[in-house]
Amino acid sequence: MTFPADHSPGHADVRTEGSTDALPLSPALGVTLDAAKMPRRSTLVDRRVLRITAVSVVLGIGAALIAKVLTMLIGLITNLVFYGRISTAFSSPADAVPHLGWWVVLIPALGGVIVGFMARWGSRAIRGHGIPEAMEQVLLNESKIPPRITFLKPISSAIAIGTGGPFGAEGPIIATGGALGSFVGQVMKVTGSERKVLLAAGAAAGMSAIFSSPIAAVVLAVELLLFELRPRSLIPVSLACVAATGMRYVLMGTAPVFAMPVLASPGGWALATYVLVGAVVGLVSVWTTRIVYGIEDWFEKLPIHWMWWPALGGLAVGVIGYFAPLTLGVGYTNIEDIVNGRLTLAALAFLCVMKFLSWSISLGSGTSGGTLAPLFTIGGALGAMMGIGVAALAPHFGVDPRIAALVGMAAIFAGASRALLTAVVFAFETTAQPAGLLPLLGGCAAAYLISALMMRNTIMTEKIARRGVRVPAEYAADYLDQVAVGDACARDVVTLKTTQALAEVRHWFIEGTPETQHQGYPVVDEQGRVQGVLTRRSLLDPQWHYTLTLGELVTRPPVAVTEDNSLREAADHMVAEGVGRLLVVSKDDPHRLVGFLTRGDILAAHGRRLREARHSSRYLRFRDGLKPRPEEAVASRH
C-alpha cells in the first residue's frame, strides 16, 4: 500500500484516469465492509427458470393447438373460395384452376384487399412474414408484441394463403407463437430477458408444430431470436418444442413432413458436387434477397396507399397461378415431389421460376405470409436441376438428384437467412434422411460463405436494418466472463488512513504528485482494514472543516468485489450501483484491500482479445515450449 503521509513515490502503472464523478455509496449502520454492497454471484439456473420452463411447456402445447387451428382455417378458406365447399381438409388450389379459368386471377386479389384492410385498421405488424418484426421487438422493445397480433396475424395469413398466396404456414405460426409468448410475458411479472425467452419458446414451438422439427426450431430460436446460448433460455425453449412436437404427434401423426426413401451415402465426387450445388444456390439466395427488397422498394414508390398493395400483389399471384397452378398455396406437396425426384427437368425449371415470381411480388407487396416454404421450393427445384444435369453429364460421380434437391432446399435458406445450423438440422428432421447430413453440412456451409461475402444483411434483417436496428450477427463467449478481477485490477493502490486530518490531505493534494491525481481513495484503519471510500471531490468540498479526520468523513460502506469475481460480474455491479470503480478485497479476508478496479481496467482487459483477433504471426513450439537450440535452428534452415 502507498500512504500519502509517508510521501512515498507511486508506481508508474498506478491508474490515474477514470470517472470524475463521486462514488455513490449506500447508507448503512456501520462503516466497515460488513455492510458493503457485493455483486450477485451469477448462476446457470435458478427457481425462476423452473417457473419460466413450466410456462413454456404450456406455451408449446398452446402453439401446437394454434398451428392445428391455422391449418384448418387455411383449408376452410381454400375449399370455400376455390371449390365452393365447406371443409377444413388441406387442399391444393391447383386442382381448381381448370374449372375456374380466369376467375382464379381475382381470388388472390380479393384476399389481398382483405389483408390490406386488416393491416390498415387492425395492425400494420401483420404485414410480411413475421420473423423480422419479432426480432425487432426482441432487440428494441423488451419483446413486447401488441396482444392483438396473436389473433390478427393467423387470421390475415390464413386469408392470404387460403386465397392462393404462395406462402407457407410456418412463418405466420412462428409469428403467432411468438406473439402468444410475448402476451403471456406481459401478463406475468417477469423481466425483459424472461419475456424474450417466452417469445422465443412460443415461436419455436410454432415451427415445431408445423414441421415436426423440434431441434431445428430450437436452433432457429437461438440464431434468429434469442441471440444467445444459455441454459436459462435453452431449457425452456427446448421443452416448449418437445411439448409442441408431442402434441403434433397426437393431432397429426409422427411421419416426417417430406418423407423420402432411404438413400445411399454419397462418395467423394458426389460430396464435392453437393458442396458446389450449395455454393451456387448460395449465390442465388443473395440475388433472391436483393430482388425481394427491390420489389418492396418499387411498391413504396407507387402513388397509391399501401393498403392496396397486397391486392396488386394478389393480381400478380392470380395471373401466374393461371399459367402455373402449382405456385398457388403453401406448396408442401411440391417440396415433397421435388426431394423425391417426381418432377421432370422442364417441370422443375418452370416451377422454380414461376414460384419465385409469384412469391417475391406478393411478399414485396406487404401481404401476410411466410418465407420458408417458398424458399424451400425454389432452392429444392434449383438443386434438383443441377443434380439431374451432373448425373447426365458425369454419371460416374454418383450424384443423386434427390440429395441435390435436399441440399438446394436447405442451402437457399442458409444463404438467405444465414441460419446455417437451422437449415441443416431442419432438412434432416423433415426428411429423416441420414445420408443427406454430410452433403447438407457442406452445401449449407458453402452457401453461408457466399452469402456472408456478398451480403451485409439477410432476408430476415434487411427490413429492420433499414430502420436503424443493429442485429447481432455473431455469437461469441463473453470475454469479460473469462477474466478474473484479480487479473485486471490495479494492485498498487494509493490509500488514506482514518486517522489523517482533512487539512493534511488537502495540503498533500497541492503538491501535485502522480498519487494525488486519482478520483477515489480507499480509506483504511491502523490495522490496514478497509473502512470505506472517499472521492477527491468530497475531500476538497469546502463544507467539511479541515480539522475533521477521514474516519469521521467515512459514513457509508463502499461498493466492492472479490478477486475471484469475473469482470462481467464487476461490470454489471458497476452499472447496478452507478459507480465508476470498485474496491477489490480478499476472498479469505473481506476487510483486507488488495486492489482497485476502474472502468478503464475493464476496457483494457479487451486488449488481449483484440490482439488475438488482429495480430498474426508464426509460432512453432520445440520441446514442450522451449526455444530451439542454435544448432537446431541452423539445421532447420538447411
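A: Helix axes here are lines fitted to C-alpha atoms over the stretch in contact, and angles run from 0 to 180 degrees between N-to-C directions. Helices (H or I, at least four residues) and strands (E, at least two) are DSSP runs, numbered from the N terminus. The model is predicted, so to speak of local features takes a pLDDT of at least 70 and side-chain atom pairs count only at 80 or more, while totals for chains, interfaces and linings use all residues. Residues are numbered from 1 along each chain as its sequence is written, and side-chain values use heavy atoms, without hydrogens and water.

Let's begin with α8 and α16. Helix α8 covers residues 214–226 and helix α16 covers residues 420–431; their axes come within 8 Å and cross at roughly 165 degrees. The two are therefore roughly antiparallel to each other (under 35 degrees is roughly parallel, over 145 roughly antiparallel, 65 to 115 roughly perpendicular, the rest oblique). The crossing of α8 over α16 is left-handed, that is, the near helix is turned anticlockwise from the far one by less than a right angle; clockwise is right-handed. From α8, the residues P214, I215, A216, V219, L220 and E223 meet L420, L421, T422, V425, F426 and E429 of α16, where contact means heavy atoms within 4.5 Å. Sorted by class, this contact has nine nonpolar, one polar and two charged residues (Ala, Val, Leu, Ile, Met, Phe, Trp, Tyr, Cys and Pro are nonpolar, Asp, Glu, Lys and Arg charged, the others, Gly among them, polar).

Next come α10 and α13. Helix α10 (residues 268–300) packs on helix α13 (residues 345–364) at about 45 degrees, and their axes are 8 Å apart. That angle makes α10 and α13 oblique to each other, and α10 passes α13 in a right-handed crossing. On the α10 side you will find T288, I291, V292, I295, E296 and F299, and on the α13 side F356, W359, S360, I361, L363 and G364. Eight of these residues are nonpolar, three polar and one charged.

Now turn to α12. Helix α12 and helix α15 (residues 401–417) pack at an angle of about 135 degrees, with axes 8 Å apart, and α12 and α15 are therefore oblique to each other. I335, I338 and V339 of α12 touch R402, A405, L406 and M409 of α15; by class this contact has six nonpolar, no polar and one charged residues.

The structure holds 18 aromatic pairs (rings of Phe, Tyr and Trp, its six-membered ring, with centres within 6.5 Å; planes under 30 degrees apart are stacked, over 60 edge-to-face, the rest tilted). One of them joins F211 and Y332 edge-to-face, at 5.7 Å centre to centre and 65 degrees between the planes. This pair links distant parts of the chain: F211 belongs to helix α7 (residues 192–211) and Y332 to helix α12 (residues 332–339), 121 residues apart.

Finally, the strands. An open sheet of three strands runs in the order β1-β2-β3 with mixed pairing (strands pair if DSSP finds at least two bridges between them). β1 (496–497) and β3 (530–535) are its edges, each with a single partner strand, so one side of each has no neighbour in the sheet. Strand β2 (residues 520–524) is antiparallel to β3, joined by five bridges, and P522 stands opposite V533 in β3. Another open sheet has three strands in the order β4-β5-β6, also of mixed pairing. Its edge strands are β4 (560–562) and β6 (593–598), each pairing on one side only, and the twist averages 35 degrees from one strand to the next. Strand β5 (residues 581–585) pairs with β6 in the antiparallel sense over five bridges; V584 has G595 of β6 as its bridge partner.
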